[in-house]
Amino acid sequence: MWSVWLDYSGLRQLFPSIIRPKLRYGRPFKQIIPLPGSRWVRVENLQSGISDEDVTVALTGSLGVFDDALPHASKLFLGKQSVGVVTEIGSDVSLFHIGDRVALQSEARSSCASLGLSPACSACASGNPALCDHRALPWNGAGAGWSDSMIMHESQLFPVPEPLTNDQALLLEPAARAVRAVLLSGLEPGARALIIGGGLTGQLVAASIRALVPGVDITLASNYSHEKTAAAAYGVQQFIPETPNEMLAQGIELTNAQVWKRPGKQIFLGGFDRVFICRSAKKTFETGCRLVHSGGALAQIARPMNHQQKIDASLWRNEAQILHIYGPGSETLPDDISDSIGSRSSTLALAARHMMKNRLVTDGLISHKIAHTQFDQALRIASDINKFQTIHTALIFQNPAPAQP
Ligand SMILES: [Zn+2]
(Lines give C-alpha, C1' and ligand atoms only; values in the text may rest on other atoms or scores of the structure.)
Protein backbone atom coordinates (compact mmCIF):
# COMPACT_ATOMS: atom_id res chain seq x y z
CA MET A 1 0.00 0.00 0.00
CA TRP A 2 1.24 3.47 -0.98
CA SER A 3 -0.22 6.46 0.90
CA VAL A 4 0.18 10.09 1.84
CA TRP A 5 -0.46 10.94 5.47
CA LEU A 6 0.20 13.41 8.25
CA ASP A 7 2.32 11.77 10.91
CA TYR A 8 0.88 12.59 14.35
CA SER A 9 3.10 10.17 16.24
CA GLY A 10 4.66 11.03 19.62
CA LEU A 11 4.24 14.55 20.98
CA ARG A 12 2.67 15.73 17.73
CA GLN A 13 -0.50 13.88 18.75
CA LEU A 14 -0.75 15.91 21.97
CA PHE A 15 0.43 19.30 20.74
CA PRO A 16 -0.22 19.42 16.97
CA SER A 17 -0.47 23.21 16.85
CA ILE A 18 3.02 23.51 18.44
CA ILE A 19 4.80 20.51 16.94
CA ARG A 20 3.32 20.29 13.47
CA PRO A 21 2.58 16.83 12.10
CA LYS A 22 4.91 15.81 9.29
CA LEU A 23 3.82 15.05 5.74
CA ARG A 24 4.94 11.55 4.81
CA TYR A 25 4.36 9.35 1.81
CA GLY A 26 5.31 5.82 0.89
CA ARG A 27 4.34 2.63 2.72
CA PRO A 28 2.43 3.38 5.94
CA PHE A 29 2.28 -0.26 7.08
CA LYS A 30 4.69 -3.18 6.91
CA GLN A 31 2.00 -5.70 6.04
CA ILE A 32 -1.46 -5.78 4.47
CA ILE A 33 -4.10 -4.52 6.90
CA PRO A 34 -7.16 -6.80 7.23
CA LEU A 35 -10.69 -5.37 7.00
CA PRO A 36 -11.58 -4.12 10.51
CA GLY A 37 -15.22 -5.30 10.44
CA SER A 38 -17.94 -7.01 8.47
CA ARG A 39 -19.23 -3.82 6.81
CA TRP A 40 -15.84 -2.58 5.61
CA VAL A 41 -14.60 -2.56 2.04
CA ARG A 42 -11.16 -2.57 0.36
CA VAL A 43 -10.84 -0.34 -2.69
CA GLU A 44 -7.99 -0.06 -5.18
CA ASN A 45 -7.95 3.52 -6.39
CA LEU A 46 -7.72 4.40 -10.07
CA GLN A 47 -7.24 8.12 -9.62
CA SER A 48 -7.58 10.77 -6.95
CA GLY A 49 -7.82 14.56 -6.87
CA ILE A 50 -5.52 17.05 -5.16
CA SER A 51 -7.87 19.69 -3.78
CA ASP A 52 -6.82 23.18 -2.66
CA GLU A 53 -7.66 22.25 0.90
CA ASP A 54 -5.58 19.10 0.91
CA VAL A 55 -2.65 21.04 -0.56
CA THR A 56 -2.89 23.58 2.27
CA VAL A 57 -3.07 20.79 4.86
CA ALA A 58 -0.16 18.94 3.26
CA LEU A 59 2.08 22.00 3.02
CA THR A 60 1.28 23.55 6.42
CA GLY A 61 0.67 20.39 8.46
CA SER A 62 -2.39 22.12 9.91
CA LEU A 63 -6.07 21.26 9.64
CA GLY A 64 -7.01 24.61 11.14
CA VAL A 65 -7.47 25.35 14.81
CA PHE A 66 -10.76 23.51 15.23
CA ASP A 67 -9.48 20.27 13.78
CA ASP A 68 -6.11 20.56 15.52
CA ALA A 69 -8.00 20.37 18.80
CA LEU A 70 -9.61 17.05 17.91
CA PRO A 71 -7.94 13.78 18.88
CA HIS A 72 -6.01 12.13 16.06
CA ALA A 73 -4.79 8.69 15.21
CA SER A 74 -1.03 8.58 14.65
CA LYS A 75 -1.64 8.67 10.88
CA LEU A 76 -4.12 11.03 9.22
CA PHE A 77 -4.60 9.92 5.62
CA LEU A 78 -5.15 12.69 3.08
CA GLY A 79 -7.32 12.95 -0.01
CA LYS A 80 -11.11 13.37 -0.17
CA GLN A 81 -11.64 12.75 -3.88
CA SER A 82 -11.07 9.35 -5.47
CA VAL A 83 -12.51 6.80 -7.83
CA GLY A 84 -11.55 3.17 -7.49
CA VAL A 85 -12.65 -0.44 -7.68
CA VAL A 86 -13.90 -2.66 -4.85
CA THR A 87 -11.52 -5.62 -4.41
CA GLU A 88 -12.64 -7.07 -1.05
CA ILE A 89 -15.85 -6.85 1.00
CA GLY A 90 -16.79 -7.86 4.55
CA SER A 91 -19.46 -10.49 5.14
CA ASP A 92 -22.23 -7.98 5.96
CA VAL A 93 -21.55 -5.48 3.17
CA SER A 94 -24.86 -4.91 1.38
CA LEU A 95 -24.21 -1.92 -0.84
CA PHE A 96 -21.30 -3.16 -2.99
CA HIS A 97 -19.88 -6.15 -4.82
CA ILE A 98 -16.32 -6.94 -5.82
CA GLY A 99 -15.56 -5.14 -9.09
CA ASP A 100 -17.91 -2.20 -8.42
CA ARG A 101 -16.60 1.25 -9.27
CA VAL A 102 -16.91 3.60 -6.29
CA ALA A 103 -16.15 7.20 -5.35
CA LEU A 104 -15.15 8.42 -1.92
CA GLN A 105 -17.91 10.57 -0.48
CA SER A 106 -16.47 11.68 2.80
CA GLU A 107 -13.24 12.24 4.66
CA ALA A 108 -11.49 9.41 6.45
CA ARG A 109 -13.50 10.10 9.60
CA SER A 110 -15.92 8.24 11.83
CA SER A 111 -19.70 8.46 11.66
CA CYS A 112 -22.51 6.66 13.48
CA ALA A 113 -22.57 4.09 10.65
CA SER A 114 -18.84 3.33 10.75
CA LEU A 115 -18.93 3.14 14.56
CA GLY A 116 -22.04 0.92 14.56
CA LEU A 117 -23.96 3.36 16.81
CA SER A 118 -27.72 3.07 17.07
CA PRO A 119 -29.76 5.19 17.12
CA ALA A 120 -27.73 7.48 14.88
CA CYS A 121 -27.13 11.11 15.83
CA SER A 122 -29.45 13.68 14.24
CA ALA A 123 -26.87 14.62 11.57
CA CYS A 124 -26.39 11.02 10.43
CA ALA A 125 -30.13 10.33 10.66
CA SER A 126 -30.75 13.21 8.25
CA GLY A 127 -28.16 11.90 5.78
CA ASN A 128 -25.34 14.29 6.71
CA PRO A 129 -22.58 12.04 8.15
CA ALA A 130 -19.92 14.70 7.46
CA LEU A 131 -21.50 16.54 10.41
CA CYS A 132 -21.73 13.48 12.71
CA ASP A 133 -21.55 14.26 16.43
CA HIS A 134 -19.06 11.40 16.80
CA ARG A 135 -16.69 12.16 13.94
CA ALA A 136 -13.82 12.79 16.35
CA LEU A 137 -13.89 9.20 17.63
CA PRO A 138 -11.25 6.81 16.26
CA TRP A 139 -11.73 5.68 12.67
CA ASN A 140 -10.77 2.10 11.91
CA GLY A 141 -10.03 2.30 8.19
CA ALA A 142 -6.75 2.89 6.38
CA GLY A 143 -5.68 5.02 3.46
CA ALA A 144 -7.84 7.62 1.67
CA GLY A 145 -7.87 9.40 -1.68
CA TRP A 146 -4.11 9.88 -1.90
CA SER A 147 -3.51 6.15 -1.53
CA ASP A 148 -3.28 3.40 -4.10
CA SER A 149 -5.71 1.41 -1.94
CA MET A 150 -7.93 2.20 1.01
CA ILE A 151 -10.16 0.51 3.56
CA MET A 152 -13.46 2.34 4.05
CA HIS A 153 -16.77 1.62 5.76
CA GLU A 154 -19.37 0.98 3.06
CA SER A 155 -21.27 4.10 4.13
CA GLN A 156 -18.28 6.20 3.05
CA LEU A 157 -18.47 5.07 -0.58
CA PHE A 158 -20.74 6.03 -3.45
CA PRO A 159 -21.61 3.67 -6.33
CA VAL A 160 -20.49 5.36 -9.54
CA PRO A 161 -23.19 5.11 -12.24
CA GLU A 162 -22.00 3.29 -15.34
CA PRO A 163 -22.20 6.21 -17.81
CA LEU A 164 -19.85 8.44 -15.82
CA THR A 165 -16.18 8.53 -16.82
CA ASN A 166 -13.48 8.15 -14.18
CA ASP A 167 -12.77 11.88 -14.49
CA GLN A 168 -16.41 12.71 -13.76
CA ALA A 169 -16.48 10.24 -10.87
CA LEU A 170 -13.36 11.84 -9.42
CA LEU A 171 -15.12 15.22 -9.41
CA LEU A 172 -18.34 13.95 -7.76
CA GLU A 173 -17.35 15.00 -4.22
CA PRO A 174 -16.30 18.60 -5.04
CA ALA A 175 -19.20 18.92 -7.51
CA ALA A 176 -21.58 17.77 -4.79
CA ARG A 177 -20.28 20.44 -2.42
CA ALA A 178 -20.82 23.06 -5.13
CA VAL A 179 -24.36 21.78 -5.75
CA ARG A 180 -25.05 21.88 -2.00
CA ALA A 181 -23.82 25.49 -1.83
CA VAL A 182 -26.05 26.58 -4.70
CA LEU A 183 -29.13 24.81 -3.26
CA LEU A 184 -28.64 25.99 0.33
CA SER A 185 -27.99 29.56 -0.82
CA GLY A 186 -31.52 29.77 -2.25
CA LEU A 187 -30.22 31.31 -5.46
CA GLU A 188 -33.11 32.35 -7.71
CA PRO A 189 -33.39 32.93 -11.45
CA GLY A 190 -32.20 36.35 -12.52
CA ALA A 191 -30.08 36.93 -9.40
CA ARG A 192 -26.51 38.28 -9.37
CA ALA A 193 -23.85 35.95 -8.03
CA LEU A 194 -20.20 36.58 -7.20
CA ILE A 195 -17.80 33.62 -7.12
CA ILE A 196 -14.53 34.37 -5.33
CA GLY A 197 -11.70 32.14 -6.64
CA GLY A 198 -11.62 30.36 -10.00
CA GLY A 199 -9.98 27.07 -8.97
CA LEU A 200 -11.86 23.79 -9.16
CA THR A 201 -14.43 24.81 -6.51
CA GLY A 202 -15.20 28.13 -8.19
CA GLN A 203 -15.54 26.48 -11.60
CA LEU A 204 -17.86 23.83 -10.17
CA VAL A 205 -20.04 26.47 -8.49
CA ALA A 206 -20.37 28.22 -11.87
CA ALA A 207 -21.19 24.85 -13.49
CA SER A 208 -23.74 24.05 -10.76
CA ILE A 209 -25.45 27.42 -11.08
CA ARG A 210 -25.73 26.82 -14.82
CA ALA A 211 -27.18 23.34 -14.16
CA LEU A 212 -29.65 24.30 -11.44
CA VAL A 213 -30.75 27.94 -11.75
CA PRO A 214 -31.46 29.66 -15.06
CA GLY A 215 -30.62 33.25 -15.86
CA VAL A 216 -28.14 33.97 -13.09
CA ASP A 217 -25.67 36.76 -13.80
CA ILE A 218 -22.29 35.41 -12.62
CA THR A 219 -19.17 37.43 -11.82
CA LEU A 220 -15.85 35.73 -11.03
CA ALA A 221 -13.17 37.27 -8.83
CA SER A 222 -9.86 35.83 -9.99
CA ASN A 223 -6.36 37.08 -10.74
CA TYR A 224 -5.56 34.27 -13.20
CA SER A 225 -6.29 34.42 -16.90
CA HIS A 226 -6.57 30.63 -17.34
CA GLU A 227 -9.28 30.53 -14.64
CA LYS A 228 -11.23 33.29 -16.39
CA THR A 229 -10.99 31.43 -19.71
CA ALA A 230 -12.32 28.24 -18.10
CA ALA A 231 -15.15 30.11 -16.34
CA ALA A 232 -16.19 31.86 -19.55
CA ALA A 233 -17.24 28.44 -20.84
CA TYR A 234 -19.89 28.40 -18.08
CA GLY A 235 -21.22 31.75 -19.24
CA VAL A 236 -19.38 33.86 -16.66
CA GLN A 237 -19.19 37.28 -18.27
CA GLN A 238 -17.83 39.66 -15.66
CA PHE A 239 -14.42 39.35 -14.10
CA ILE A 240 -13.01 41.38 -11.24
CA PRO A 241 -9.70 41.08 -9.34
CA GLU A 242 -9.50 38.71 -6.39
CA THR A 243 -7.28 41.09 -4.40
CA PRO A 244 -9.60 42.32 -1.58
CA ASN A 245 -9.45 46.11 -2.06
CA GLU A 246 -9.74 45.90 -5.84
CA MET A 247 -12.46 43.24 -5.59
CA LEU A 248 -14.45 45.57 -3.33
CA ALA A 249 -13.98 48.62 -5.53
CA GLN A 250 -14.86 46.85 -8.79
CA GLY A 251 -17.66 44.82 -7.19
CA ILE A 252 -19.28 48.06 -6.00
CA GLU A 253 -18.89 49.62 -9.43
CA LEU A 254 -20.27 46.56 -11.24
CA THR A 255 -23.41 46.36 -9.08
CA ASN A 256 -23.91 50.13 -8.89
CA ALA A 257 -23.82 49.93 -5.11
CA GLN A 258 -23.97 53.19 -3.22
CA VAL A 259 -20.97 54.14 -1.13
CA TRP A 260 -21.09 56.46 1.87
CA LYS A 261 -17.78 57.55 3.28
CA ARG A 262 -16.83 59.09 6.59
CA PRO A 263 -13.34 59.17 8.10
CA GLY A 264 -12.47 55.58 9.04
CA LYS A 265 -15.78 54.21 7.76
CA GLN A 266 -17.27 53.12 4.48
CA ILE A 267 -20.86 52.01 4.16
CA PHE A 268 -22.17 50.22 1.09
CA LEU A 269 -25.74 49.76 -0.02
CA GLY A 270 -26.18 47.22 -2.80
CA GLY A 271 -23.99 44.41 -4.06
CA PHE A 272 -24.45 40.80 -5.16
CA ASP A 273 -27.45 38.64 -4.20
CA ARG A 274 -25.20 35.67 -3.45
CA VAL A 275 -21.46 35.50 -2.77
CA PHE A 276 -19.64 32.14 -2.91
CA ILE A 277 -16.19 32.02 -1.28
CA CYS A 278 -14.36 29.29 -3.17
CA ARG A 279 -10.79 30.24 -2.29
CA SER A 280 -9.75 31.68 1.05
CA ALA A 281 -7.13 34.34 1.52
CA LYS A 282 -6.54 37.13 4.00
CA LYS A 283 -9.60 39.45 4.15
CA THR A 284 -11.58 37.43 1.57
CA PHE A 285 -14.37 36.68 4.04
CA GLU A 286 -14.58 40.28 5.25
CA THR A 287 -14.68 41.57 1.67
CA GLY A 288 -17.31 38.98 0.75
CA CYS A 289 -19.48 40.14 3.68
CA ARG A 290 -19.40 43.71 2.39
CA LEU A 291 -20.41 42.71 -1.11
CA VAL A 292 -23.64 40.90 -0.14
CA HIS A 293 -26.88 42.65 -1.09
CA SER A 294 -29.77 43.10 1.37
CA GLY A 295 -31.54 39.79 1.99
CA GLY A 296 -28.69 37.94 0.32
CA ALA A 297 -26.35 35.18 1.43
CA LEU A 298 -22.64 34.49 1.68
CA ALA A 299 -21.65 30.84 1.24
CA GLN A 300 -18.21 29.81 2.48
CA ILE A 301 -17.10 26.65 0.71
CA ALA A 302 -13.31 26.98 0.95
CA ARG A 303 -11.67 26.09 4.26
CA PRO A 304 -11.22 29.35 6.23
CA MET A 305 -7.64 30.62 6.45
CA ASN A 306 -7.99 31.93 9.97
CA HIS A 307 -9.65 30.53 13.05
CA GLN A 308 -11.41 33.83 13.62
CA GLN A 309 -12.85 35.63 10.65
CA LYS A 310 -14.04 39.22 10.86
CA ILE A 311 -17.75 39.42 10.18
CA ASP A 312 -18.65 42.80 8.77
CA ALA A 313 -21.67 44.45 10.40
CA SER A 314 -23.14 45.04 6.96
CA LEU A 315 -24.46 41.46 7.14
CA TRP A 316 -26.70 42.48 10.02
CA ARG A 317 -27.82 45.67 8.34
CA ASN A 318 -28.62 43.70 5.19
CA GLU A 319 -30.29 40.77 6.97
CA ALA A 320 -27.88 38.61 5.01
CA GLN A 321 -27.12 35.00 5.89
CA ILE A 322 -23.84 33.18 6.24
CA LEU A 323 -23.74 29.57 5.09
CA HIS A 324 -20.91 27.13 5.60
CA ILE A 325 -20.56 24.22 3.23
CA TYR A 326 -18.36 21.53 4.76
CA GLY A 327 -19.24 18.32 2.98
CA PRO A 328 -21.85 16.67 0.79
CA GLY A 329 -24.88 15.16 2.53
CA SER A 330 -28.59 15.05 1.85
CA GLU A 331 -30.53 17.86 0.19
CA THR A 332 -34.09 19.10 0.26
CA LEU A 333 -34.84 19.67 -3.39
CA PRO A 334 -36.71 22.59 -4.92
CA ASP A 335 -40.01 21.72 -6.62
CA ASP A 336 -38.69 21.78 -10.18
CA ILE A 337 -36.10 19.10 -9.35
CA SER A 338 -38.07 17.11 -6.77
CA ASP A 339 -40.93 16.35 -9.16
CA SER A 340 -38.96 13.58 -10.81
CA ILE A 341 -36.85 12.16 -7.97
CA GLY A 342 -38.66 12.86 -4.72
CA SER A 343 -38.14 15.66 -2.24
CA ARG A 344 -34.72 14.57 -0.92
CA SER A 345 -31.54 13.23 -2.50
CA SER A 346 -27.95 12.61 -1.50
CA THR A 347 -25.83 15.44 -2.88
CA LEU A 348 -23.55 13.04 -4.75
CA ALA A 349 -26.53 11.33 -6.39
CA LEU A 350 -27.85 14.71 -7.46
CA ALA A 351 -24.47 15.78 -8.87
CA ALA A 352 -24.15 12.43 -10.70
CA ARG A 353 -27.63 12.79 -12.12
CA HIS A 354 -26.86 16.24 -13.54
CA MET A 355 -23.52 15.02 -14.92
CA MET A 356 -25.25 12.14 -16.72
CA LYS A 357 -27.74 14.56 -18.25
CA ASN A 358 -24.84 16.74 -19.43
CA ARG A 359 -26.23 19.61 -17.43
CA LEU A 360 -23.33 19.69 -14.97
CA VAL A 361 -20.37 19.78 -17.33
CA THR A 362 -16.88 19.17 -15.97
CA ASP A 363 -14.89 18.63 -19.16
CA GLY A 364 -11.37 20.03 -19.01
CA LEU A 365 -11.40 20.87 -15.28
CA ILE A 366 -8.76 18.21 -14.57
CA SER A 367 -5.91 20.16 -16.14
CA HIS A 368 -3.06 17.85 -15.07
CA LYS A 369 -2.73 14.09 -14.57
CA ILE A 370 0.38 12.87 -12.80
CA ALA A 371 1.46 9.36 -11.83
CA HIS A 372 1.49 8.84 -8.05
CA THR A 373 5.19 7.97 -8.31
CA GLN A 374 5.70 11.66 -9.19
CA PHE A 375 3.86 12.89 -6.11
CA ASP A 376 6.30 15.77 -5.47
CA GLN A 377 5.65 17.14 -8.94
CA ALA A 378 1.89 16.71 -8.53
CA LEU A 379 1.99 18.75 -5.32
CA ARG A 380 4.04 21.47 -7.05
CA ILE A 381 1.54 21.66 -9.92
CA ALA A 382 -1.43 21.76 -7.54
CA SER A 383 0.11 24.52 -5.41
CA ASP A 384 1.61 26.82 -8.09
CA ILE A 385 -1.51 27.50 -10.10
CA ASN A 386 -0.06 30.49 -11.92
CA LYS A 387 3.12 28.81 -13.18
CA PHE A 388 1.42 25.59 -14.24
CA GLN A 389 -1.98 27.12 -15.23
CA THR A 390 -3.61 24.62 -12.90
CA ILE A 391 -7.33 24.15 -12.43
CA HIS A 392 -7.16 20.68 -10.87
CA THR A 393 -4.55 17.95 -10.56
CA ALA A 394 -5.27 14.22 -10.53
CA LEU A 395 -2.97 11.51 -9.19
CA ILE A 396 -3.09 8.40 -11.36
CA PHE A 397 -2.55 4.93 -9.89
CA GLN A 398 -1.53 1.85 -11.80
CA ASN A 399 -4.26 -0.38 -10.38
CA PRO A 400 -6.01 -2.73 -12.78
CA ALA A 401 -9.28 -1.82 -14.49
CA PRO A 402 -12.53 -3.09 -12.88
CA ALA A 403 -12.83 -6.88 -12.88
CA GLN A 404 -15.80 -8.33 -14.74
CA PRO A 405 -18.44 -9.76 -12.39
ZN1 LIG B 1 -23.63 10.46 13.62
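**Close-up views of the predicted model**

**View 1. Strands E15 and E16 pair in parallel in the predicted model.** Strand E15, residues 292-300, is joined to E16 by four bridges, and the two run parallel. Across this pairing, Leu298 stands opposite Ile322 in E16. The model shown in this and the other views is predicted, not experimental.

**View 2. A six-stranded parallel sheet contains E15 and E16.** The strand order is E11-E10-E9-E14-E15-E16, the sheet is open, and the pairing is parallel. At the edges stand strand E11 (238-240) and strand E16 (321-324); each has a single partner strand, so one side of each is left without a neighbour in the sheet. On average, neighbouring strands of this sheet are turned by 20° against each other, direction ignored.

**View 3. Helix H7 crosses helix H14.** The axes of H7 and helix H14 (residues 347-356) come within 8 Å and cross at roughly 100°. That angle makes H7 roughly perpendicular to H14. From H7, the residues in contact are Leu172, Ala175, Ala176, Val179 and Arg180. They meet Thr347, Leu348, Leu350, Ala351 and Ala352 in H14. By class, this contact has eight nonpolar residues, one polar and one charged.

**View 4. Three strands form an antiparallel sheet.** This open sheet has the strand order E2-E1-E4. Strand E2 (22-26) and strand E4 (75-77) are at the edges with a single partner strand each, so one side of each is left without a neighbour in the sheet. From one strand to the next the twist averages 35°. Strand E1, residues 3-7, is joined to E4 by three bridges and the two run antiparallel. In this pairing, Trp5 stands opposite Phe77 in E4.

**View 5. Helix H2 passes helix H15 in a left-handed crossing.** The axes of helix H2 (residues 52-60) and helix H15 (residues 375-383) come within 10 Å and cross at roughly 120°. H2 contributes Val55, Ala58 and Leu59 to the contact, and H15 contributes Leu379, Ala382 and Ser383. Five nonpolar residues and one polar residue make up the contact of H2 with H15, with no charged residues.

**View 6. Strand E20 pairs with E3 and with E19.** Strand E3 (residues 40-50) and strand E20 (residues 393-396) pair in the antiparallel sense over four bridges. Ser48 stands opposite Leu395 in E20. Strand E19, residues 368-371, is joined to E20 by four bridges as well, but these two strands run parallel. The bridge partner of His368 in E20 is Thr393.

**View 7. The whole chain gives the setting for the close-ups.** Its secondary structure comes to 16 helices and 20 strands. The radius of gyration of the chain is 21 Å, close to the 22 Å that the globule rule gives for 405 residues, so the chain is as compact as a globular protein of that length. Along its principal axes, the C-alpha trace spans about 65 × 50 × 45 Å.

Terms used
Residues are numbered from 1 along each chain as its sequence is written. This is a predicted model: local features need pLDDT of at least 70, side-chain atom pairs count only at pLDDT 80 or more; totals for chains, interfaces and linings use all residues. Two strands pair if DSSP finds at least two bridges between them. Axes are lines fitted to C-alpha atoms, for helices over the stretch in contact, and angles run from 0 to 180 degrees between N-to-C directions. Angles under 35 degrees count as roughly parallel, over 145 as roughly antiparallel, 65 to 115 as roughly perpendicular and the rest as oblique. Two residues are in contact if their C-beta atoms, placed from the backbone, lie within 7 Å. Ala, Val, Leu, Ile, Met, Phe, Trp, Tyr, Cys and Pro count as nonpolar, Asp, Glu, Lys and Arg as charged, and the others, Gly among them, as polar. A crossing is left-handed if the near helix is turned anticlockwise from the far one by less than a right angle, and right-handed if clockwise. The radius of gyration is taken over C-alpha atoms; the globule rule is 2.2 Å times the number of residues to the power 0.38.
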